[in-house]
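I opened my notebook to go through one structure. My entries follow the order in which I looked things up.

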Amino acid sequence: MLNYFIVAVAAYLGMFLCLKELLNKPWISLCTAIIFSVLPFYSVYGLSVMGQPLLLYASILLWKNKKEKISYIIIFLFPFCSSLVLAGYADVIIWMLFCVYAWVSKHKNKWKFLGGFIILLVEYLILNYDLVSQMLFSQGGDFVSHRGEWVIKADPFLTKFWELLEIGHSHAASYHKFILVVSAAVIFFVLCVFKSLKDEEQRKFRQMLMFYVCILFIAFFYAFWRFKPVVDLRNSLGGLFVSFQVDRFYWLNPCLWYIIFGYTLYFLYLLCSNGKIRFLKYTVTFLVIAMATGYVGHYSMLKKNIIKLFQRSYQTQGYASWEEFFSPELFAEIKEYIGRPVNDYLVGSVGLYPSIPLYNGFYCIDGYSNNYDLKHKLDFRKIIEPELNKNEKLKVYFDDWGSRCYFFSNEIPFEYNINKNRGVVLKNFQVNTQALTEKGCEYLISSVEILNNNSLKLEKVFENKDSVYKIFLYKIF
């Protein structure tokens, strides 16, 4: 909760300060920043998505030779709160391009701007030394990453282009469709009266178009990186061309879209301030703000948590609280029943995220990891092979990617967390128990009942009113 609060505050401050510097309209900055800060972001990513306006603000200050100390402090802190592989590399590349532009154009503040770039780059490299060295140089030892066996799938170019442009990406949700529609209309009307605008207004309009071009380029590159000829080439080259998702520039999109929204409000207000519709300037502008607030607020975590305060039951509200999700009391009962030190045995999870037993202190044979030993993937494949052979999609999903190292079931494909109200029963769940015991796994913790498996013995069923799960504990023999 503290992390969520920090990220939300950073998102608000960054967007407010950034737009205030660009537009010099505090009320527009305030409204846009509030809407931006309640986007349904993943706080575990830190400032990788929601902190981008703050970094942009620091770069603008250096470009304008203003508040140099504040800028360097923001730049220094940013890598500690963000991820190099998610969005940091994109920040570094874009900053480098602007450094080149500053040098070519002989910008008067090029040295200070270059200083910010060096701080960002060097700090990211220091904080991610192990990862960078692993990616660029021989790892040595026996460790070989499962990422080396990734096989990238191609997608239709235009489909992916329009998908990112219209909807965005789930990991960097922006819910910008209303911005796309309103801003496109505003751009059309501004173009019609462009020559009548003041020099400052024309400059701001060109800035707005520049941000739009950035979004279009990101969508183009995203689609290009998934285009079949490019994918075929990447798969043939292997290595970083497969394992590194260089198209993650889309993590910058929420920042770009809401900066465009700020410009949209600026020009909407400007357009309605002239002629016969002058009296509409406040009405129209705040109507758009209200629509945007309602649209984003509908998807925000803030709304869901407010509802949760009044409807505490999982059954009536539809999603779990922290206590309900991790169910510490229920898993304490399971540990007590087994009655052995948890480091003496491994457990696997069926119909349950492995992170739940892991959080509760169990040692898990399964899990979700973006970089683990290929040997473990191959060993684990032997365990789940009977189920993979029943479903070609599951087989391809695990063999060609494999970061989700789970006990898949053909009867509940791609369902990973099942609550007790579902009443799901697996009638033909099969695993290679010999391979399982060789890896030291002795129990399966299942949120669904498993029938017709002579290699599994039901030890006990665990359930209480505070948990969303009904846990079936199976002993492997």
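**Salt bridges**

I began with Arg 422, which is partly exposed, with a relative accessible area of 43%. For these labels, buried means under 20% relative accessible area, exposed over 50%, and partly exposed in between, with a 1.4 Å probe and protein chains only. The model is predicted: local features need pLDDT of at least 70, side-chain atom pairs count only at pLDDT 80 or more, and totals for chains, interfaces and linings use all residues. Residues are numbered from 1 along each chain as its sequence is written, and side-chain values use heavy atoms, with hydrogens and water left out.

Which residue forms a salt bridge with Arg 422? I found Glu 415, with the closest N and O atoms 2.9 Å apart. My rule for a salt bridge is a side-chain nitrogen of Lys or Arg within 4 Å of a carboxyl oxygen of Asp or Glu. Glu 415 counts as partly exposed, at 31% relative accessibility.

I then counted by that rule and got 21 salt bridges. One of them joins the side chains of Lys 66 and Glu 21, at 2.5 Å from N to O. This pair links distant parts of the chain, 45 residues apart. Lys 66 sits in the loop between helix H4 (52–64) and helix H5 (68–77), and Glu 21 sits in helix H1. Helices here are DSSP runs of H or I with at least four residues, strands are runs of E with at least two, and both are numbered from the N terminus.

Is Glu 21 buried or exposed? Glu 21 is buried, with a relative accessible area of 14%. Lys 66 is partly exposed, at 33%. I also noted a network of salt bridges that links Glu 21, Lys 64 and Lys 66.

Asp 232 pairs with Lys 228, with the closest N and O atoms 2.9 Å apart. Both lie in helix H12 (residues 228–237), 4 residues apart, about one turn of the helix. Asp 232 is partly exposed, at 39% relative accessibility.

**Single residues**

I looked up Lys 335 in helix H19 (residues 328–338). Lys 335 is partly exposed, with a relative accessible area of 28%. Beyond four places in sequence, Lys 335 is in contact (heavy atoms within 4.5 Å) with Val 342, Asn 360, Gly 361 and Phe 362. The C-alpha atoms of Lys 335 and Leu 268 are separated by 61 Å, and the two residues are 67 apart along the chain.

Thr 433 is in helix H23 (residues 433–438). Thr 433 counts as buried, at 14% relative accessibility. With residues up to four places away set aside, Thr 433 touches Ser 455, Ile 476 and Phe 477.

Phe 5 belongs to helix H1 (residues 2–23). Phe 5 is exposed, with a relative accessible area of 54%.

**Whole protein**

The protein has 23 helices and 8 strands. Buried residues make up 47% of its 477 residues. The C-alpha atoms fill a box of roughly 80 × 55 × 45 Å, taken along the principal axes. Among contacts between residues at least 6 apart in sequence, 70% join residues at least 24 apart.
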